[in-house]
2 protein chains.
Amino acid sequence: MVVATTNVSSPFSPNGTKKSLSTFSPNSFVNVEKGDPVAFRSYWEKVSDKSSVEIKGEEFMSYFGDGNNLCWYMLPQMREAILRIHNVVGNVVTKDKFIVLGNGSTQLFNALLYALSPSDPSDQPINVVAAAPYYSEYQDVIDHMQSRLFQWGGDAALYDENKPYIEVVTSPNNPDGTLRTPVVNSEVEGKLIYDLAYYWPQYTPITHQINQDVTLFTLSKCTGHGGSRIGWAFVKDIEVAKKMMRFMHLSSIGVSKESQIRAAKIIEVICDGYENFKSVGSDHLFFNYTKKLMIERWEKFKGAIEKSKVFTLPKYPTSYCHFNKEFSDQYPAFAWLKCVEGIENGESYLEKLKIRTRGGERFGDDAKYTRLSMIGTDDEFAEMCTRLSNAKRE
Amino acid sequence: MVVATTNVSSPFSPNGTKKSLSTFSPNSFVNVEKGDPVAFRSYWEKVSDKSSVEIKGEEFMSYFGDGNNLCWYMLPQMREAILRIHNVVGNVVTKDKFIVLGNGSTQLFNALLYALSPSDPSDQPINVVAAAPYYSEYQDVIDHMQSRLFQWGGDAALYDENKPYIEVVTSPNNPDGTLRTPVVNSEVEGKLIYDLAYYWPQYTPITHQINQDVTLFTLSKCTGHGGSRIGWAFVKDIEVAKKMMRFMHLSSIGVSKESQIRAAKIIEVICDGYENFKSVGSDHLFFNYTKKLMIERWEKFKGAIEKSKVFTLPKYPTSYCHFNKEFSDQYPAFAWLKCVEGIENGESYLEKLKIRTRGGERFGDDAKYTRLSMIGTDDEFAEMCTRLSNAKRE
């Protein structure tokens, strides 16, 4: 077996994970380019026993999870957990929706491209658009299979074709954290995919229960378990859900049962906290703990940015959070930095400071911008702040 | 949440799994149309404690498994387990190959279509062929995304275009259990995908170590853990492996860590048996146990078929098995029945006997043929044999 030392072109450079175990040397990079959501690990360490699962050799061998459900590979306990956490948080309307489970929301995004495209092969490919700055992966996912069904249509704000389209609405947005609504202004009716990966109380006030035809969620950004590859879609139209299921069948014959069992347990621990132990200190409650963590990180980060005088940050409005029952700022999973006058390339500038980030052009925006993860390890985050605060205008 | 009662068009009808818990009523179908590999469950019940895994809430949260490996989401223990079981069985050459892990071998088949197609968009789609009867899913997987990169080219034995092609060689073959080699006779060099899902000692003599550019395996048919969605490819060319990795990234950002941990443990239990306990009764050893199970089922099945006088079965050669160190017959995971003269449609005939099978036309062959799973539950299998032996020529 060959062990490759070559680096594969992946937005998830693996170095960061390892470095968290050691002190950074001045010559090593702090990698905040990826969005590996390991920041919440300290919470799960505190509830380690409660949140552990045991799986016996003879359990969950079948392809099937629940033959009575449209999503036949989904275990009943997975479905119950998904419904329960949305009931606790109140971020989406689950009534009269089908749930389709995926290997992360990425696979479900692929499934939706297939399911929302016109089935008639004589039709032109449908345009898929998203308002810039948009998640850097959408275009690659859309382009790579060179499908005759759909094609990347670019910035939704500039879309002016009188043809059917799919608009991806990411809210809060990756990379810039803004809360979003559709922007395409067309006479033709478009289809909407709401990517709600970050619509959880640690990042943003939960302003209302979203009720849309198609919404996407992922365990990665909710609980921090990116390694489990669990995502789910709420889908109103059974025909769309059926087409997604056909995609899921042909793509991977479903989703890992082990991940489902574990995700169900993780979600159960969160919900038990809110439903049974409202009187215990709020630090024991997952979203309270992780929101506090995000607030602390953002305060420290803003201090470093102000000290450096090299970058500015977006301003976010304060909104009422129906989950926390208070007015709240936003604490996005990524910082979206803009260089001050005279610095043209944020990513290159930070490379010199040995901070690896993802530049604005990858998100359909200007190179003055760059994106930094706020949800890496404590060590990474601390080192990033130290290096940022030492930045000086050249 | 809507619970759908509508049946989604899936080759895995879910009814069988449930019915295994109860006695079959005369009006209920025995579903042997799918290949849900739950037959080996009794082995895993016997080693339940040894083969169980515990996963704590804070473990395996990262997207990454091993940043030093090309397949960056693969855990080191998963890679070690894969190498170890092939070392024990001796069915494939692992030296100088890259391992790419997938959500089942289905996802890796998708990845290979992408990786083996010409990258130049001005090229015509490459033809993908397989000798009939071929696995019924290949064509659907190839067709559904309507890619400009590749297209279904039909029966490999009839392929006569002087253009590049990909030939899928499934050995032992699904549906008919035959050992196969490439069949395309072309002046143009083709690329080969060896699908070796069933090249394990419980189904077939291990005649030699296969050494090919691309080979595919799946945990489902090896150990019976279809629910885990674990498959792996051995790939000789690093450029092909890198393209597969790009597909895996854009398709699902890797593979469940929980499934990897569990698969590694399951494989460890099998290998520990062979490496440390050669003196214990062979029933304690996985492949011995499961081969015995397959022999018993095939003997019972052949008895039922002979009694009915309605079907014939393929004849398989006896070969020397380098793993078992003995000459051995084949005991395929599926029975491929052919109707005797006067019966034109095997699937319809068996529907009347309340046995649900998958007809020959789905595999690019004649309707006289139909495929039955030999690896379902004990109850399903017993009831199938009872109903078959009661079959009479009309």
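## Reading a sheet, a helix and a buried alanine

Colleague: Before we look at helix 9 of chain B, what span should its 23 residues have?

Modeller: This is a predicted model, in which local features need pLDDT of at least 70, side-chain atom pairs count only at pLDDT 80 or more, and totals for chains, interfaces and linings use all residues. Residues are numbered from 1 along each chain as its sequence is written, chains are lettered from A and ligands numbered from 1 in the order in which they are written, and side-chain values use heavy atoms, without hydrogens and water. Helices (H or I, at least four residues) and strands (E, at least two) are DSSP runs numbered from the N terminus, and the expected span of a helix is 1.5 Å times one less than its number of residues. Helix 9 (residues 286–308) of chain B should therefore span 33 Å, which agrees with the 33 Å between its end C-alpha atoms. Lys309(B), which follows helix 9 of chain B, has a positive phi, near 55 degrees.

Colleague: Which order do the four strands of the open sheet in chain B have?

Modeller: Two strands pair if DSSP finds at least two bridges between them; here the order is 10-13-16-15, with antiparallel pairing. Strand 10 (311–312) and strand 15 (358–359) of chain B each have a single partner strand, so one side of each is left without a neighbour in the sheet. Strand 13 (residues 334–339) and strand 16 (residues 369–373) of chain B are joined by five bridges.

Colleague: Is Ala264(A) buried or exposed?

Modeller: Buried means under 20% relative accessible area, exposed over 50%, and partly exposed in between (1.4 Å probe, protein chains only); Ala264(A), at 8%, is buried.
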